[in-house]
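This report takes a folded chain one part at a time, beginning with a single residue and ending with the chain as a whole. Please keep the sequence and the structure in view while reading.

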Amino acid sequence: MADKENCVRVTRLAKKRAAESMATELQHQRKKRVVLGEIKNDPNSVLNRVFEHPKPKSKQVKSKVLKDVLGRAKEKVKISENETDVDAKSNDPQMCAAYVAEIYEYMRQLEMQDGRRPLPDYIEKVQRDISANMRGILVDWLVEVAEEYKLLSDTLYLAAAYVDRFLSMKAITRQNLQLLGVSSMLIAAKYEEISPPHVEDFCYITDNTYSKDEVVKMEAYILKFLKFEMGCPTTKTFLRRLTRVAQGHFETQNLQFEFLGYYLAELSLLDYSCLQFLPSLIAAAVTFLSKFTLEPTLHPWNQALKKYAGYKASDLKDCVLIIHDLQLSRRGCFLTAIREKYKQHKFKCVSMLSSQPEIPNSYFEDSKVGV
């Protein structure tokens with residue numbers, strides 16, 4: 001009996017020692033788990049010793065250092081205010097004000113990459129069964145598809161870009177041209193839209209000319225050709241920015257000017273000859289022509305647009321004249337989807353605006369560019 005009691009006491013003592021040891025260990029662990037805020041306030045902290053700065057020898061020295069720092073900060077702010085990017089003034093976080101200039105610089109580099117640029121003469125060099133008119137009819141139809149399913153204009157631009165990039169390298173028959181267009185629109189919708197239409201919807205819009213399997217197979221073929229590099233700068237990418245620059249002196253947004261730019265930019269998609277121009281140059285030409293249409297007596301180009309677009313007025317002449325012909329129906333007059341789309345009141349009926357039949361040559365002279 002005594003042995004049993006001794007055994008119980010030993011067991012209890014062992015448990016007590018184990019509990020004390022556990023408590024000590026936990027306390028030690030708690031000391032180790034310190035938030036960064038507590039570390040900074042601890043004078044004996046390792047981090048504090050590593051990052052500690054030499055203290056000023058006196059209050060006078062400290063005051064002088066503080067003044068120097070504040071002076072440099074004010075000077076820096078003053079410089080940055082003078083060089084503020086147009087998008088840096090926006091409170092919209094999607095404008096990426098902190099690094100918007102670097103974004104557009106990267107976009108300009110990206111648009112010039114060979115893999116993301118279609119050949120400007122692929123119909124003559126690559127295609128045997130497709131003409132420029134057929135391409136224009138296809139793009140005009142894609143505009144109707146985008147309207148039918150309420151797709152973003154970014155989706156339309158990407159789809160047209162995929163078509164041109166594919167046709168620049170692969171010859172296809174005219175029977176498969178619509179299949180290429182609808183499959184490109186499917187890929188672009190998946191890339192841009194929150195809720196893209198289903199494959200069956202795209203089969204239906206072709207009056208079931210192509211089966212679901214055919215559309216999916218072509219989709220896979222296009223993606224493999226693109227090496228899954230679906231993103232590429234389009235005219236719309238650069239037009240957003242130039243529209244804000246062009247309206248810099250307005251307190252409120254001029255929707256008519258904005259919609260007119262979108263209208264002219266979409267017209268440029270119809271014309272095969274516009275493939276020779278970079279998207280950023282087309283955006284600049286569209287801005288030039290929009291300003292000329294609304295204010296024909298004022299010079300449509302100025303130093304701010306030249307700075308942000310990166311083009312002189314003389315660089316834009318060929319592109320402006322082509323889009324101007326499209327606007328006046330001197331080109332592509334049988335392609336009506338875009339014209340009908342922008343006759344709607346929600347787009348301020350901008351396709352019904354009249355433009356002067358001729359643009360003065362003096363507007364393309366760099367020496368006469370406005371301020």
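## A threonine in helix 12

Thr 237 has its place in helix 12, which covers residues 235-246; helices here (H or I, at least four residues) and strands (E, at least two) are DSSP runs, numbered from the N terminus. The model is a predicted one, in which local features need pLDDT of at least 70 and side-chain atom pairs count only at pLDDT 80 or more, while totals for chains, interfaces and linings use all residues. Residues are numbered from 1 along each chain as its sequence is written, and side-chain values use heavy atoms, with hydrogens and water left out.

Is Thr 237 buried or exposed? Thr 237 counts as buried because its relative accessibility is 17%, where buried means under 20% relative accessible area, exposed over 50%, and partly exposed in between (1.4 Å probe, protein chains only). When neighbours within four places in sequence are left aside, Thr 237 is in contact with Tyr 104 and Met 107, contact being defined as heavy atoms within 4.5 Å.

Tyr 157 lies in helix 8, residues 153-167, and counts as buried because its relative accessible area is 3%. Apart from neighbours within four places in sequence, the residues in contact with Tyr 157 include Thr 234, Thr 235, Lys 236 and Tyr 262. Ala 188 stands 31 residues from Tyr 157 along the chain, and the C-alpha atoms of the two are separated by 8.6 Å.

Cys 274, in contrast to a helix residue, is found in the loop between helix 13 (255-270) and helix 14 (279-294). With a relative accessible area of 3%, Cys 274 is buried, and it touches Ser 268, Ile 282 and Ile 322 when residues up to four places away in sequence are not counted. Between Cys 274 and Pro 120 there are 8.0 Å in space, C-alpha to C-alpha, although the two are 154 residues apart in sequence.

## Salt bridges

How many salt bridges does the structure hold? There are 15, each being a side-chain nitrogen of Lys or Arg within 4 Å of a carboxyl oxygen of Asp or Glu. In one of them the side chains of Glu 111 and Arg 108 meet at 3.1 Å, N to O, and both residues lie in helix 5 (residues 100-111), three residues apart, which is about one turn of the helix. Glu 111 counts as buried because its relative accessibility is 2%, whereas Arg 108, with a relative accessible area of 24%, is partly exposed.

Another salt bridge joins the side chains of Asp 121 and Lys 125 at 3.4 Å, N to O. Asp 121 counts as partly exposed at 24% relative accessibility, while Lys 125 counts as exposed at 64%. The side chains of Arg 135 and Asp 164 also meet in a salt bridge, at 2.8 Å, N to O. This pair links distant parts of the chain, with Arg 135 in helix 7 (residues 132-148) and Asp 164 in helix 8, 29 residues apart. Both Arg 135 and Asp 164 are buried.

## The cavity

Rolling a probe the size of a water molecule over the atoms shows where empty space is left. On a 1 Å grid over the protein atoms alone, a cavity is a set of points where a 1.4 Å probe fits but cannot get out, and lining residues have an atom within 4 Å of a point. The structure holds one cavity of 30 Å³ or more, and about 320 Å³ of space lies in the largest cavity; a volume is the space filled by probe spheres set on the grid points, which are joined across faces, edges and corners.

Of the 23 residues that line the largest cavity, Arg 117, Ala 161, Leu 269, Leu 275 and Pro 279 are the closest to its centre. Helix 5, helix 8, helix 13 and helix 14 are the elements that give two or more residues to this lining, and helix 8 gives the most, with five residues.

## The chain as a whole

The chain has 17 helices and zero strands, and buried residues make up 41% of its 371 residues. Among the contacts in the chain with a separation of 6 or more, 78% are between residues 24 or more positions apart.

Notes. 1 Å grid on protein atoms, 1.4 Å probe; cavity = no way out; pocket = protein on both sides within 12 Å on 5 of 7 lines; lining within 4 Å.
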